[in-house]
Amino acid sequence: MMEIRLERLGGEDAGIVLLGLDRPAAKNALGHQLLSEFREALSILGSDAGVRVVVVHSLVPGIFCAGADLKERAAMSPSEAATFVQSIRTAFSELQDLPMPTIAAIEGGAFGGGLELALAADLRVAGSEAMMGLVETALAIIPGAGGTQRLPRLIGISRAKELIFTARRIGAEEAGRLGLVDRLAAPGEALPQALMLAREILPNGPAALRLAKQAGNRGSDLGLTSGLAFEQVCYAQVLSTQDRLEGLAAFREKRNPRFRGE
């Protein structure tokens, strides 16, 4: 049975793709099959120029992702466990590196690797009853799929340390105050709100969005001078696109632009 489902929306939403986690028996825990299907889906999306926005969500009511599959983990040797955690880390880096904007729609729990998955998306929308946390230290391990790196970059090192050291679970409202979550939604409305956000992004120039993401991601790991230089490189690539000319023509003619990603 498939544990990852891709749904390409049509009509005015063409270009938006839903990536659904669907492993109800294990609360979407990150096991071998789910992870393999997840990485395969990312490979498909990353090579498809028609994909404008990806929304990661859960098809299992009441849970986003419970984290690593600890039942599978218990049967692994230390070296096998290290290899598997590396594959999760790589998968989440592949999500972060998708060329188009990505949004995580969080309902229910997102714990450990489940929150690390959401952190790898560009933006996060959470239902007001969602709960989340990097809880690994309570199991005498540490976040190993990017949590110790992405969370501090998002909310600051001191706040991230406090959450990691205490293994505290926080609600969506506190996550919003910390800047971990970008938009809050009513219970059960995270996906509709994420789709509304995707629709705000969708009309904009696809090449510009991809280059803006690339500039932001790369620049955040550089000093300001190097980051500005990289932004200049990305801007130069925008100048040669047909979409830039279409944007200028649409502005001049007072009409909506028809971007083609070229």
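**Working chat on a predicted model**

Me: Ala140: buried or exposed?

Reply: Ala140 is exposed, because its relative accessible area is 73%. Exposed means over 50% relative accessible area, buried means under 20%, and partly exposed lies in between, with a 1.4 Å probe and protein chains only.

Me: What kind of model is this, and how are residues numbered?

Reply: The model is predicted: local features need pLDDT of at least 70, side-chain atom pairs count only at pLDDT 80 or more, and totals for chains, interfaces and linings use all residues. Residues are numbered from 1 along each chain as its sequence is written, and side-chain values use heavy atoms, with hydrogens and water left out.

Me: Back to Ala140. Where does it lie?

Reply: Ala140 lies in the loop between strand E8 (131-133) and helix H5 (147-155). Helices (H or I, at least four residues) and strands (E, at least two) are DSSP runs, numbered from the N terminus.

Me: What is the phi of Ala140?

Reply: The phi of Ala140 is near 65°, which is positive in a residue other than glycine. Most residues other than glycine have a negative phi.

Me: And what about the phi of Asn28?

Reply: Asn28 is not a glycine either, and its phi is positive at about 60°. Asn28 sits in the loop between strand E2 (16-21) and H1. Asn28 is buried, because its relative accessible area is 0%.

Me: Let us step back. How many helices and strands does the protein have?

Reply: The protein has 11 helices and 10 strands. Its C-alpha trace spans about 60 × 45 × 35 Å along the principal axes.

Me: What share of the residues is buried, and what does the surface look like?

Reply: Buried residues are 47% of the 262. The protein exposes about 13100 Å², of which carbon and sulfur atoms supply 56%. These areas come from the Shrake-Rupley method with a 1.4 Å probe, and for residues only the protein chains shown count as cover.

Me: How far apart are the mean positions of the charges?

Reply: The mean positions of the 28 positive and 30 negative charges are 4 Å apart. Lys and Arg count as positive and Asp and Glu as negative, while His and the chain ends are not counted. Each charge is placed at NZ of Lys, CZ of Arg, CG of Asp or CD of Glu.

Me: What share of contacts links residues 24 or more positions apart?

Reply: Such pairs account for 68% of the contacts with a separation of 6 or more. Contact means heavy atoms within 4.5 Å.

Me: Strand E3 next. What does Val55 touch?

Reply: Val55 is in strand E3 and is buried, with a relative accessible area of 0%. Not counting residues up to four places away in sequence, Val55 touches Ile16, Val17, Leu18, Leu19, Ile103, Ala105, Leu191, Ala194 and Ala198.

Me: And His57, buried or exposed?

Reply: His57 is buried, because its relative accessible area is 6%. His57 lies in strand E3 (residues 53-58). Neighbours within four places aside, its contacts include Leu18, Leu19, Ala105 and Leu191.

Me: How many aromatic pairs does a search find?

Reply: A search of the whole structure finds one aromatic pair. The ring centres of Phe38 and Phe92 are 6.4 Å apart and their planes are at 85°, so the pair is edge-to-face. The pair links distant parts of the chain, with Phe38 in helix H1 (residues 32-46) and Phe92 in helix H3 (residues 78-96), 54 residues apart. Rings of Phe, Tyr and Trp (its six-membered ring) pair if their centres lie within 6.5 Å; planes under 30 degrees apart count as stacked, over 60 as edge-to-face and the rest as tilted. Phe38 and Phe92 are both buried.

Me: Finally, where is Glu246?

Reply: Glu246 is in helix H11 (residues 242-253) and is buried at 16% relative accessible area. Glu246 touches Arg255, Asn256, Pro257, Arg258 and Phe259, residues up to four places away in sequence not being counted.
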